[in-house]
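Please read the sequence alongside the structure shown below.

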Amino acid sequence: MAEPTFEKFRTEYTVHFRHCDVAGIIFYPRYVEMISDTVERWFDLGLGCNFHDLHLVRHLGVPTVHLDIDYKAATTLGEVLTFDLWLTRVSRRSFSTRIEASVDGEVRMQVRSTLVFIRSGNAFLGEDKMTSVSIPDDLRNAMTRYLDQGQSDD
């Protein structure tokens, strides 16, 4: 099988006590937090735009508008999760991701999500409402290396 022509963004998380329920496995909302953290790390380390600058300098945001999660196997306290992120679609104002979390190559969780670029509507900045905007060219160009042309959102 041919190697992919796109890059995956990879980051890791060690499962701590705070992530677990009484059975000692990750409590599902903690996965959602890790998904959000992965997107934030990808913006910072993969796209070169940290969330401070995105939100407070550029006055943009990327809220999730769709999230579809499949839990494949339990993950327990002390295990190290590897999160891989790549894009399945980039449009004018939004993009779709695929993220897999695995332990030693065994997939534990898969997610497909869609995020949209917005003018922040940040109450802290005195803005009154969010509006969708086009993806800035510098970020769109940085995103292209993570786009898997062989994937789709279907």
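What follows is a walk through the model, starting with its overall layout.

This is a predicted model, in which local features need pLDDT of at least 70 and side-chain atom pairs count only at pLDDT 80 or more, while totals for chains, interfaces and linings use all residues. Residues are numbered from 1 along each chain as its sequence is written, and side-chain values use heavy atoms, with hydrogens and water left out.

The protein has three helices and eight strands. Here helices (H or I, at least four residues) and strands (E, at least two) are DSSP runs, numbered from the N terminus. Read from the N terminus, the order of elements is β-α-α-β-β-β-β-β-β-β-α. Of the 154 residues, 42% count as buried. Buried means under 20% relative accessible area, exposed means over 50%, and partly exposed lies in between, with a 1.4 Å probe and protein chains only.

Salt bridges come next. The term stands for a side-chain nitrogen of Lys or Arg within 4 Å of a carboxyl oxygen of Asp or Glu. By this rule there are seven salt bridges. One of them pairs aspartate 84 with arginine 10, at 2.6 Å from N to O. Because aspartate 84 sits in strand β4 (residues 80–90) and arginine 10 in strand β1 (residues 9–14), this pair ties together parts that are 74 residues apart in sequence. Aspartate 84 is buried at 6% relative accessibility, whereas arginine 10 is exposed at 54%.

A salt bridge also joins arginine 58 and aspartate 138, whose closest N and O atoms are 2.7 Å apart. This pair links distant parts of the chain, with arginine 58 in the loop between α2 and β2 and aspartate 138 in helix α3 (residues 137–143), 80 residues apart. Arginine 58 is partly exposed, at a relative accessible area of 25%, and aspartate 138 is partly exposed at 44%.

Glutamate 106 and arginine 108 form another salt bridge, at 3.1 Å from N to O. Through salt bridges that share partners, Glu79, Glu106 and Arg108 are joined into one network.

The surface can be described by its patches. Patches are made of residues with over 30% relative accessible area and no salt bridge; like charges are joined within 9 Å, and nonpolar side chains (Val, Leu, Ile, Met, Phe, Trp, Tyr) within 5 Å. Lys and Arg count as positive and Asp and Glu as negative, while His and the chain ends are not counted. The place of a charge is taken as NZ of Lys, CZ of Arg, CG of Asp or CD of Glu.

Which residues form the negative surface patch? They are Asp37, Glu40, Asp44 and Asp53. Helix α1 (residues 28–46) supplies the largest share of this patch, three residues. Aspartate 53 lies in helix α2 and is partly exposed at 31% relative accessibility.

Helix α1 also holds arginine 41, which is partly exposed, with a relative accessible area of 31%. The C-alpha atom of arginine 41 is separated by 9.0 Å from that of phenylalanine 9, a residue 32 positions away along the chain.

A nonpolar patch on the surface consists of Phe27, Tyr28, Val32, Leu67 and Tyr71, with about 460 Å² of accessible area together. Two or more residues of this patch come from each of α1 and β3 (64–71). Accessible areas come from the Shrake-Rupley method with a 1.4 Å probe, and for residues only the protein chains shown count as cover. Tyrosine 71 is placed in strand β3 and is partly exposed, with a relative accessible area of 41%.

Histidine 59, in the loop between α2 (51–57) and β2 (60–61), has a phi near 60°, a positive value in a residue other than glycine. Aspartate 104, in the loop between β5 (94–103) and β6 (106–116), likewise has a positive phi, near 50°. Histidine 59 is partly exposed at 24%, whereas aspartate 104 is exposed at 82%.

The structure holds zero disulfides, a disulfide being a pair of cysteine sulfur atoms within 2.5 Å. Cysteine 20 is buried at 17% relative accessible area, and cysteine 49 is buried at 5%.
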